[in-house]
Each structure stands twice: as structure tokens, then as C-alpha cells.
Amino acid sequence: KWSSGSTPDQYMALHSQTIPRLGRPPARAAREAATHQKLRHLFHRGFVVIGVVLLFPDASSSAFGALQAAIVENASWFYGLVMAILLITSGVLAFSRVGNIRLGPDNSSPDYSLFSWLSMLFAAGVGIGLMFYGVAEPVVHYLRPPAGAGAAVGGENQAVNLTMLHWGFNAWSVYALMALVLAYFSFRRGLPLTLRSAFYPILGDRIYGPLGAAIDVFAIVCTTFGISTSLGLGVEQLSTGLNYLFDVPESGGLKLGITIAIMAMAAVSVALGLDSGIKRLSEINSFLAIALLCFVLLIGPTALILGGTLENFGFYVANLITTSTNLFTYQDTEWLGGWTIFYWGWWISWAPFVGIFIARISRGRTIREFLIGVMVVPTLFVVLWMNVFGGSAIDLIHAGETAFGEAVANDQPLGLFLFLDYLPGTFYLSLLSLGMIVIFFVTSADSGALVLNMMASGGVDETPVFQRVLWAGIIAAISATLLINGGLGALQTATIASALPFSLILLGALWGLQRSLQSDMQSSFGKAPTSFDTDADVDWQSRLGALLKAPSDNTVVKFQRDTVLPALSAFASELSKNGVHAEVIDNTESDGSVVLSTARNEESVFTYMVRLAPQSTVASIDTGSEEVSLPVEGSTSVTEVHLASGSAGYCLWGLTETQVIADVLSQFEQHRRT
């Protein structure tokens with residue numbers, strides 16, 4: 001439905017008509033369309049910051065540096081408090097009763113296998129950081145600790161523990177909760193997969209107005225800044241590695257060429273889509289990372305590494321609260337601002353990007369499975385990686401390689417390559433590492449382009465290829481310009497500073513999530529009993545045949561139009577006669593859904609949506625010895641009930657109009673009693 005001659009306004013108008021949003025009657029579509037112009041104005045103003053940085057890089061760096069110094073001096077306690085709240089909240093949600101709630105219909109299953117899911121969230125989250133800091137950070141903390149003398153006895157434990165603090169549970173709790181909020185409101189409540197949806201319990205329909213637009217624009221600008229600066233810093237690491245390995249002179253032309261090459265690959269990946277592009281690259285890099293990790297573990301001092309890993313992890317878990325809240329208040333040190341507060345701000349500022357991406361790939365998982373998968377599994381891998389590489393590097397320093405330690409501390413991008421010089425097959429390991437860095441950056445860039453495209457398109461990722469590739473081009477252009485003009489440091493500092501206001505947004509989103517989860521619990525996860533047996537005169541033989549026969553898409557749409565729509569219209573009419581204003585939204589000509597919704601001024605909104613959902617068909621495969629039946633995702637669809645208080649996740653296909661009305665009545669009765 002999109003043509004090259006269509007304007008953005010026409011595309012957004014089409015999008016607002018074809019994407020069902022719970023609690024959004026057609027009368028509000030005009031108001032939402034009117035905010036698109038305001039959104040564009042806000043968007044343009046946000047990118048004025050980039051223009052200022054490009055024109056005045058030195059002045060911008062000085063100004064943003066002063067801002068960050070003020071934040072470190074006066075707001076370090078707030079960052080520590082926010083991180084503690086997020087960490088505790090993650091644990092409470094994971095192991096409470098709400099952990100059983102599924103991110104999607106109650107009968108849904110995960111869209112991706114566990115390995116693919118973990119690979120994608122890891123690649124988008126911190127994959128490239130491990131390549132950059134896996135060797136460098138433990139060495140720096142060992143030689144230049146926050147307090148006391150460097151290379152002291154017992155300093156190894158503190159060095160690795162601080163590294164795990166920065167990359168472990170705290171970091172992933174930020175991503176996990178942001179992603180949980182977005183996934184819940186999108187897959188459970190049918191709202192767009194954008195940041196504004198997190199505030200629906202607080203703002204209501206105002207999320208479709210200027211305030212919601214401002215929230216999304218803020219997320220878009222922060223995400224663009226973060227991805228652009230990270231890409232620029234990664235390009236510098238790659239150019240440093242090429243210079244070290246192949247004596248390629250470092251220059252602006254080399255960095256520009258690397259930027260273009262990486263973003264060209266990212267553009268191809270994002271054009272292929274999530275399954276064919278980002279997923280495959282993430283899986284490849286996961287295999288390579290595991291192979292490199294195992295090689296270093298086996299070649300190095302294996303017993304020492306494993307013993308140190310167990311000891312350091314135990315120390316890290318036992319002292320998690322203490323180290324998380326240690327702000328060195330009574331010690332004169334600049335270490336806190338350069339490391340811990342920097343990381344806290346970086347994780348929070350990246351939360352919109354990584355959160356939306358993780359939410360996009362997590363449909364169908366329970367809250368408990370989601371939080372444990374996002375927080376625990378990546379943290380365990382981070383712990384192993386930091387102990388294997390960082391512990392081995394510190395062991396080299398103990399063995400007398402002090403020059404190696406100082407070289408790493410003074411030139412952190414070279415840390416990994418300097419470390420690989422002490423292993424057999426150095427050249428091939430270095431080539432493998434370069435390839436992994438490139439793939440990690442490509443996956444970060446293409447997932448970033450995917451997220452930016454989704455936020456700018458109201459939560460829809462199935463947009464024209466040109467639109468997705470355009471965002472990759474925007475990121476490349478900004479990164480290249482910043483590299484040439486020297487504005488990376490200024491924009492990076494601005495990104496970290498933006499974490500202060502965004503932390504307030506995140507806390508507000510958690511408040512909205514708590515209110516909605518409470519509603520979900522009161523409605524017993526939306527599992528109201530159905531009333532399919534109320535029509536005593538039903539032709540059960542015909543209905544059994546309907547259940548056993550896979551319907552065509554046209555047949556299901558006809559069922560929606562001829563059975564569901566009249567049933568919901570009759571129910572809405574009866575509600576209106578009893579003083580409860582209700583309306584039915586007919587989307588059978590667009591996405592096939594039919595929605596019954598009461599007015600916003602009611603004490604509690606009731607929404608009953610019947611939408612189309614893919615149906616798994618069965619294919620028979622002859623294995624030679626027997627015939628095996630396997631489920632195959634087909635092109636046919638069935639009807640699926642979706643409630644405002646949570647997705648009921650059952651199918652209405654084959655019911656009569658009377659039975660559909662009875663089911664709506666059953667759901668409405670439970671709604672009024674809770």
C-alpha cells in the first residue's frame with residue numbers, strides 16, 4: 001500500500017488506520033494525525049544538537065563535560081539509587097506471581113528458539129563491549145584501582161569484581177525492565193511498540209498527542225546519539241587494530257572507509273529483515289565468541305582461571321549491594337565518574353534502543369522466563385568472559401609482563417590484540433577477533449536502524465526496505481561526520497548526560513507497568529471461562545468439521561464480518577440501552593480485526609478484540625520407516641480474542657453469533673466483578 005510517490009503524512013495516516021490500538025476509537029485518529037506535524041518539529045529540534053556539535057566540537061565538548069562533571073558531583077547518589085531500584089524490581093517481578101503472565105496471548109509460544117533469542121539480545125546489548133573491554137578493564141582496575149596502590153596483593157579480586165559490577169546484573173536489569181515494559185504493553189495490551197505506550201496507564205489516550213510524541217522523539221534522539229557515537233568509537237578500535245596487525249596508517253580516510261563498509265553491511269542486513277539478517281549474524285557471532293572463549297580457557301592456565309572465576313563470582317554476588325552503592329563519598333577520587341557513573345548513564349541512555357529490540361524478539365515468553373533469560377544468562381557469560389580474558393591478562397602481569405599491563409592501560413583499544421600475542425596462532429586469532437568486532441558492530445548498527453525505524457513508524461517494523469535502509473544511512477552519516485570533525489567525545493558525553501532525565505521516564509514507566517500488572521492479576525491473567533456450550537441447538541457435527549478443517553483467509557474474514565461483527569454490534573447496542581456507551585471498530589477491510597470498546601469516561605474500560613492470528617497446519621513427512629506429522633506455520637488464519645486486561649488467547653472459529661455474544665457477556669461479567 002506504499003508507493004514511491006506517497007508522502008510521510010499519507011503513510012502515517014495509512015498506518016493509523018491499519019494498526020489496531022486498544023482503547024483508540026476512530027474519533028481520536030484525527031487528533032493523532034494532527035500530532036505528527038508536531039512530532040516532526042520536535043524531531044528536527046532534537047537533531048539540532050548534532051549540528052551544534054559538528055559546528056563547535058571543542059566548545060560542545062567543554063560544555064557537555066562540565067555538565068557531566070556536575071552530574072557526577074551532585075547526582076551520583078541518584079544513579080546509585082535508580083540502579084538499586086531496578087535490580088531489586090527485576091528480582092521481585094521474576095519470582096512473584098506475575099512471573100507467570102505471558103508476553104502475548106496466554107496460549108502463545110516464543111517466536112524464536114532460546115539460542116537465537118539469547119544470541120540476538122546479547123549481540124545488540126553488550127557484545128562489542130566484551131571485545132573492547134574484556135582484557136582492558138580488569139587490567140586498568142588492577143593497575144589503577146579506585147583507592148590504594150596498584151598491583152597490590154588481593155587486587156585481582158577487586159579488579160575483576162568491579163568489571164563484573166559494570167557489565168553484570170545491574171546493566172542487564174536496565175535493559176530487562178525497559179524491554180519488559182515495552183513487550184508487555186505491546187504484546188499483552190495491543191499498543192504500539194514504542195516508548196510512549198509504557199505511559200498508557202498514566203496518560204491514557206494522551207500518549208497519541210504531543211506529550212507522547214515528545215517521549216518518542218526523546219528516545220529516537222538518544223538512540224541515534226548512542227548508536228552513532230558507539231559506531232564511531234568502534235571504528236577507531238578497528239582502525240587501531242588494522243594499524244597494529246597490518247601497519248595500515250591510521251587516517252580520516254581509513255575511518256571513513258570502515259564506517260561506509262560497516263554501514264553498507266548493516267543496510268543489507270536490515271533490508272533482509274530480522275530473521276534473515278540480524279538473527280543469522282547474531283548466531284554466527286555467538287558460535288565464534290564461544291569458540292574463542294573455549295580456546296583461551298584451554299590454552300591458558302585453565303585451573304587458575306576456573307578457580308578464579310568461581311571465587312570472583314561468589315565475591316561479586318555476596319557483595320552486590322555493597323559494591324553497587326559504594327560511591328566513594330569519603331574518598332577523593334575521579335575513578336567513580338570515569339567508570340561506574342559513566343556505565344550507569346550509558347546503560348540507561350541505551351535502554352530505549354536495546355529495550356525495544358529485546359521486546360521485539362521476546363513475544364510469547366513468560367515474564368519469569370524473560371527476566372531470567374535477559375538478566376541471568378548474559379551475566380553468567382559476561383562473568384566467564386571477563387574472568388577468562390581479564391584473569392589471564394592479570395596472570396601475565398604477575399608473570400613479569402609489566403610492560404604488557406602498562407601498554408594495555410595506556411591504549412585500551414589495543415588490549416585484546418596485545419593479549420593475543422601471547423597465544424599460539426596469534427595472527428589467525430587476531431583475524432578472527434577483527435571479524436567478530438565487525439559482525440558485532442554490524443548487528444548493533446542494523447538492530448539500531450531497525451529500532452529507529454520502528455519508533456519513527458509508530459512501532460511497526462514491516463515498513464518499506466528503503467525506509468529501513470535510510471536509518472542505517474543516517475547513522476553512518478552522523479558517525480562519519482563526527483569522526484572527521486572530532487565531535488564524538490562531546491556527543492558521547494551528551495548521551496550520558498541524557499540518562500538523568502531518562503531515568504525519571506524509566507521509573508514512571510515502571511509505575512505504569514505495576515498498575516497494569518495489578519489489573520492483570522485481578523483478572524486472573526485474562527483467563528475468563530468461555531461459554532461455547534450455551535447454544536443448545538448447535539449442529540455439533542458441522543462445528544466439529546469446522547474445527548478439523550483449516551479455513552482459508554477469506555473464510556475467516558467472512559466469519560469476522562458475518563458472525564463476529566453482528567455479535568459485537570448487538571452487544572454494544574444493548575450496553576448503550578443500559579447507559580454504558582460502547583462502540584465497535586470494524587477493521588475487517590484492513591487487518592481483519594473487530595473491536596468492542598467502552599468509553600474512556602467509564603469507571604473501568606472494557607475492550608474485547610477479535611483479531612486474526614496465524615494457524616499451524618500439519619504436514620506429513622515420510623522418514624522411510626514411518627510417517628511423521630509435524631506442525632507447519634501456514635498462511636491460513638484463525639480468530640483470537642484479545643482483552644484490555646490481557647490476551648485471552650482462545651479461538652472463536654466455528655461459533656455461532658449467539659455463542660460469540662455469550663462469550664462477550666462472560667468476559668464482561670468477569671470484568672465488572674473484578
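This is a predicted model: local features need pLDDT of at least 70, side-chain atom pairs count only at pLDDT 80 or more; totals for chains, interfaces and linings use all residues.
1. Overall confidence. The mean pLDDT of the chain is 79, and 80% of the residues score at least 70. By element, helix 7 (residues 136-143) has the highest confidence, at 94. Helix 1 (residues 8-18) has the lowest, at a mean of 38.

2. Helix 9. This helix spans residues 169-188 and is mostly covered, with 20 of its 20 residues buried. Just after helix 9 comes Gly190, which takes a positive phi of about 75 degrees.

3. Nonpolar surface patch. Four residues make up this patch: Phe246, Phe427, Tyr428 and Leu431. Together they have about 430 Å² of accessible area. Helix 21 (residues 426-456) gives the most to the patch, with three residues. Residues three or four places apart in an α-helix point the same way, because there are 3.6 residues a turn.

4. Tyr428. Is Tyr428 buried or exposed? Tyr428 has a relative accessibility of 65%, so it counts as exposed, the cut-off being over 50%. Tyr428 lies in helix 21 and belongs to the nonpolar patch described above.

How values were computed: Residues are numbered from 1 along each chain as its sequence is written. Side-chain values use heavy atoms; hydrogens and water are left out. Patches are made of residues with over 30% relative accessible area and no salt bridge: like charges are joined within 9 Å, nonpolar side chains (Val, Leu, Ile, Met, Phe, Trp, Tyr) within 5 Å. Accessible areas come from the Shrake-Rupley method with a 1.4 Å probe; for residues, only the protein chains shown count as cover. A salt bridge is a side-chain nitrogen of Lys or Arg within 4 Å of a carboxyl oxygen of Asp or Glu. Helices (H or I, at least four residues) and strands (E, at least two) are DSSP runs, numbered from the N terminus. Buried means under 20% relative accessible area, exposed over 50%, partly exposed in between (1.4 Å probe, protein chains only). pLDDT is the predictor's confidence in each residue, from 0 to 100.
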